[in-house]
Amino acid sequence: MIQIIIAILLGLIAGTITGLIPGIHINLLAVMLLSISSLLLQYTNSLTLIIFITSMAITHTFLDFIPSIFLGAPDEDSFLSILPGHQLLLKGRGYFSIIFTLYGSISALFIILIFAPLFIYILPLIYPYIQKIMWIILILISAYLITSEKDKKLWALIIFLLAGFLGIASLNLNIKEPLLPLLTGLFGASNLLISIQQKTKIPEQKTAPLKKIKLSKKSIIKSSIASLIASPFTAFLPGLGASQAALIGKQFLGFKESMTDQREFLFLLGAINTIVMGLSCIALYSIQKTRTGAAVAISKLIPELTFPNLIIILSTIIISGIISFFIAVQISKFTAKNIHKIKYSKISLIILFILLLIILIFSDFTLQGKFLALLVFIISAFLGIFTILLGIKRMHLMGCLLVPTILFYLL
């Protein structure tokens, strides 16, 4: 019992760090942990490590919107929060944006419990049939997302395909962690460079007690239904992430650009981000498929996940999520009170340097590997900037994962 408590506490600390530092994605840390797992298993057992990974992964989903909204440096699971979140930040309401995502994340804990029986008992029955037509499903979803672009559908298709070719090239290069420079360039560096160029200034941020930051019951129900509809796709469909699920939910329920809809969308993003992580563990048990770095790490530590272990994992998700909520609230409040005191362009430059350093450290140990990683990073950043300047939704850049996945199932 003591080991379990320690594992959860250490997971909370690690998840807070990964969530707050741009570029340190949970997938990267999971891979690093696996590389030293043989050493760690000399002092503990597989289940304790799994509890640590689960706690870290869930905590990350609560915290990663803070750099996404306040600093404009998201990972691939939270980059959509820049759109409404950054708008509210520039109005002095960045703290409120974070709280809306946290409301979504905390509600996700209950949604995960609702989905658990369906994934355990029904998904194994239908998944073999889904697998046979996986490429068709992915093409249809990609087409739906592309055609959701109102005025620039052709450009959306071009961006999707360019990102797809870049993804194929990156995955076939001799780089240890090809997704790190690819996704960091597309979604992190591009936004930071635009912010530096525009010399964005952050106004003084407002804060308020949680009881005064509210969503109507109608908004909560609407956003929860959207997350219920969209989230299952990403738990067992490869190449789809929380961002695509959020856009599917947004399109399905007709979110617009009003202040109320911005809040609902942030709630939806927070919910889906946490639901996807939680359901990936359940999918590992039910269909033996991994859709997140955390699930991959768990599968390597325990070749066959048992039902008692799944119950422990679900318990860890609930406990870690509740504690993470309060951690994120306090950190968000502190950040909101101090972010306007620092020049945003300097913050952006520092974060850009950190991202570049992370890529050079973790992508490869060889000089050639570092050069290739840097090249992918630069090209990805330019493609991201091009997409922003065109006024195209950056979700289409996820073609970098969808196109290779579609070709894998098609060929």
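Me: Which residues do ring pairs link into a cluster with Tyr 103?
Reply: This is a predicted model, and two neighbours in sequence are worth a look here. Phe 325 and Phe 326 form an aromatic pair, with 5.3 Å from centre to centre. Ring pairs tie Tyr 103 into a cluster with Phe 325 and Phe 326.

Me: Is the Phe 325 and Phe 326 pair stacked or edge-to-face?
Reply: Look at the angle: the two planes sit 90° apart. Planes over 60 degrees apart count as edge-to-face, while stacked needs under 30. So the pair of Phe 325 and Phe 326 is edge-to-face.

Me: And is Phe 325 buried or exposed?
Reply: Its relative accessible area is 7%. The cut-off for burial is under 20%, so Phe 325 is buried.

Me: How many aromatic pairs are there by this rule?
Reply: Rings pair if their centres lie within 6.5 Å. With that rule, the count of aromatic pairs comes to 7.

Me: What is the angle between the planes of Tyr 95 and Phe 96?
Reply: Tyr 95 is buried at 0% relative accessible area, and Phe 96 is buried at 9%. Their rings form an edge-to-face pair, 6.1 Å centre to centre, and the angle between the planes is 80°.

Me: Where does Ile 21 sit, and is this residue buried or partly exposed?
Reply: Ile 21 is found in the loop between α1 and α2.

Me: Which elements give two or more residues to the nonpolar patch?
Reply: The surface patch includes Ile 2, Ile 6, Leu 10, Ile 350 and Phe 353, and its residues have about 1,000 Å² of accessible area together. The elements that give two or more residues are α1 (2–20) and α17 (344–362).

Me: How far does α18 reach from its first C-alpha to its last?
Reply: Helix α18 covers residues 367–390, which is 24 residues. At 1.5 Å a residue, 34 Å is expected. The span in the model is close to that, at 35 Å.

Me: Which residue follows α18?
Reply: Leu 390 is among the buried residues of α18, as are Leu 383 and Thr 387. The residue after the helix has a positive phi, near 80°, and is Gly 391.

Me: Which residues does Glu 149 touch, not counting those up to four places away in sequence?
Reply: Glu 149 lies in the loop between α9 and α10. With 6% relative accessible area, Glu 149 is buried. The residues Glu 149 touches are Ala 156, Gly 391, Ile 392, Lys 393 and His 396.

Methods. Residues are numbered from 1 along each chain as its sequence is written. This is a predicted model: local features need pLDDT of at least 70, side-chain atom pairs count only at pLDDT 80 or more; totals for chains, interfaces and linings use all residues. Side-chain values use heavy atoms; hydrogens and water are left out. Helices (H or I, at least four residues) and strands (E, at least two) are DSSP runs, numbered from the N terminus. The expected span of a helix is 1.5 Å times one less than its number of residues. Buried means under 20% relative accessible area, exposed over 50%, partly exposed in between (1.4 Å probe, protein chains only). Patches are made of residues with over 30% relative accessible area and no salt bridge: like charges are joined within 9 Å, nonpolar side chains (Val, Leu, Ile, Met, Phe, Trp, Tyr) within 5 Å. Accessible areas come from the Shrake-Rupley method with a 1.4 Å probe; for residues, only the protein chains shown count as cover. A salt bridge is a side-chain nitrogen of Lys or Arg within 4 Å of a carboxyl oxygen of Asp or Glu. Contact means heavy atoms within 4.5 Å. Rings of Phe, Tyr and Trp (its six-membered ring) pair if their centres lie within 6.5 Å; planes under 30 degrees apart count as stacked, over 60 as edge-to-face and the rest as tilted.
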